[in-house]
Amino acid sequence: MVYLCLLVNEKRIIRRSKPVAGSCSRCSSGASVAEMETVMRFCCIPFYWKSWKAIVCTFCGAFLKSYR
Ligand SMILES: [Zn+2]
């Protein structure tokens with residue numbers, strides 16, 4: 001059996017973000033609370049997605065905290 005479509009990819013999109021009190025543990029830049037969206041695609045067809053919130057660093061993009 002040959003599997004032609006093993007191209008599952010996951011994409012994270014930041015839909016919106018706003019500054020929040022706190023700083024990054026890596027670079028000490030400002031943190032912001034972001035509305036994230038994860039989209040899983042299988043051969044270019046989105047089959048799963050969810051939105052969630054996370055605290056991310058605006059400078060280096062590190063995830064400081066996530067709410068799932
Ligand atoms: Zn940072």
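The model is predicted, so local features need pLDDT of at least 70, side-chain atom pairs count only at pLDDT 80 or more, and totals for chains, interfaces and linings use all residues. Residues are numbered from 1 along each chain as its sequence is written, and side-chain values use heavy atoms, without hydrogens and water.

**The zinc site**

Which residues coordinate the zinc ion? The SG atoms of Cys-24, Cys-27, Cys-57 and Cys-60 do, at 2.3 Å. Donors here are N, O and S atoms within 2.8 Å of the metal (3.2 Å for Na, K and Ca); water is not among the atoms, so sites may look incomplete. The angles among the 4 donor atoms run from 103 to 116 degrees, and the site is tetrahedral. Along the sequence, the donor residues are spaced C-x2-C-x29-C-x2-C.

Cys-24 lies in the loop between strand 1 (8–23) and strand 2, while Cys-57 lies in strand 3 (residues 45–57), so the pair ties together parts that are 33 residues apart in sequence. Strands are DSSP runs of E, at least two residues, numbered from the N terminus. Cys-24 counts as buried because its relative accessibility is 3%. Cys-57 is buried too, at 3% relative accessibility. Buried means under 20% relative accessible area, exposed over 50%, and partly exposed in between (1.4 Å probe, protein chains only).

**Aromatic rings**

A pair of aromatic rings is described by the distance of the centres and the angle of the planes. Rings of Phe, Tyr and Trp (its six-membered ring) pair if their centres lie within 6.5 Å; planes under 30 degrees apart count as stacked, over 60 as edge-to-face and the rest as tilted. A search of the whole structure finds 2 aromatic pairs.

| Pair | Centre to centre | Angle between planes | Type |
|---|---|---|---|
| Phe-42 and Phe-47 | 6.4 Å | 85 degrees | edge-to-face |
| Trp-52 and Phe-63 | 5.9 Å | 25 degrees | stacked |

Trp-52 lies in strand 3 and Phe-63 in strand 4 (residues 63–67), so this pair ties together parts that are 11 residues apart in sequence. Is Trp-52 buried or exposed? Trp-52 is buried, because its relative accessibility is 5%. Phe-63 is partly exposed at 38%. Phe-42 is also partly exposed, at 35%.

**Glu-37**

Glu-37 lies in strand 2 (residues 30–42). Glu-37 counts as buried because its relative accessibility is 17%. Its side chain makes a polar contact with the side chain of Arg-15, at 3.1 Å. A polar contact is a pair of N or O atoms within 3.5 Å; within protein, one must be able to donate a hydrogen and the other to accept it, and residues adjacent in sequence count only if both atoms are side-chain atoms. Contact alone means heavy atoms within 4.5 Å. Leaving aside neighbours within four places in sequence, Glu-37 has contacts including Arg-12 and Trp-52.

**Two loop residues**

Ser-28 is not a glycine, although its phi is positive, about 65 degrees. Ser-28 sits in the loop between strand 1 and strand 2 and is exposed at 58% relative accessibility. Cys-43 is not a glycine either, and has a positive phi of about 55 degrees. Cys-43 is in the loop between strand 2 and strand 3.

Definitions and conventions
Helix = DSSP H or I, 4+ residues; strand = E, 2+ residues; numbered from the N terminus. Tetrahedral: all angles 85-135°; square planar, octahedral: opposite > 155°, others 65-115°.
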